[in-house]
Amino acid sequence: MVSNDDSGFNYFVRERQSDLKRIARRTRGEYQFDDVKSEAWIMAQEMYTTKNISIKFSDPEYQEFLLAYVYQALVRYTETQ
């Protein structure tokens with residue numbers, strides 16, 4: 001079983017690497033792959049503390065939710081500013 005610590009996050013990154021790279025590309029140079037990874041880690045922690053959403057890096061549904069959250073923050077929100 002994958003834990004929700006660094007190894008759990010590393011599992012998430014391996015499983016969703018192509019999605020994280022796609023988000024980086026969509027920022028048109030604002031963020032690189034490593035930046036998007038860092039933002040995903042920070043946002044997972046923020047969602048836990050502010051919205052009480054449990055961190056479950058191994059859960060595909062949680063992965064989709066986190067990716068959508070990162071995409072909205074880095075691509076959609078940035079485009080409107």
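Trainee: Which residues are exposed on the other side of helix 2?
Mentor: S18 and R25 are exposed there. Keep in mind that this is a predicted model.

Trainee: And which residues of helix 2 are buried?
Mentor: D19, L20, I23 and A24. Seen down the axis of helix 2, these buried residues fall within an arc of 145 degrees, so they line one face of the helix.

Trainee: What follows helix 2?
Mentor: R28 does, and its phi is positive, near 55 degrees.

Trainee: Changing topic. Which residues touch the most other members of the largest nonpolar core?
Mentor: F12, L20, I23, F57, L66 and V70, out of 21 residues in that core. Helix 1 (6-15), helix 2 (17-26), helix 3 (33-51) and helix 4 (60-80) each supply at least two of its residues.

Trainee: Which helix gives the largest share?
Mentor: Helix 4, with seven residues.

Trainee: What does V70 touch, leaving out residues up to four places away in sequence?
Mentor: I23, V36, A40, M43 and V75. I23 is also one of the buried residues of helix 2.

Trainee: Zooming out, how many helices and strands are there in the chain?
Mentor: Four helices and zero strands. From the N terminus on, the order is α-α-α-α.

Trainee: What percentage of the chain is buried?
Mentor: Buried residues are 32% of the 81 residues. The chain exposes about 5,300 Å², and carbon and sulfur atoms supply 46% of that area.

Trainee: What about contacts between residues at least 6 apart in sequence?
Mentor: Of those, 57% join residues at least 24 apart.

Terms used
Residues are numbered from 1 along each chain as its sequence is written. This is a predicted model: local features need pLDDT of at least 70, side-chain atom pairs count only at pLDDT 80 or more; totals for chains, interfaces and linings use all residues. Side-chain values use heavy atoms; hydrogens and water are left out. A nonpolar core is a set of buried Ala, Val, Leu, Ile, Met, Phe, Trp, Tyr and Cys residues joined through side-chain atoms within 4.5 Å. Buried means under 20% relative accessible area, exposed over 50%, partly exposed in between (1.4 Å probe, protein chains only). Contact means heavy atoms within 4.5 Å. The arc is that of the directions from the helix axis to the C-beta atoms. Accessible areas come from the Shrake-Rupley method with a 1.4 Å probe; for residues, only the protein chains shown count as cover.
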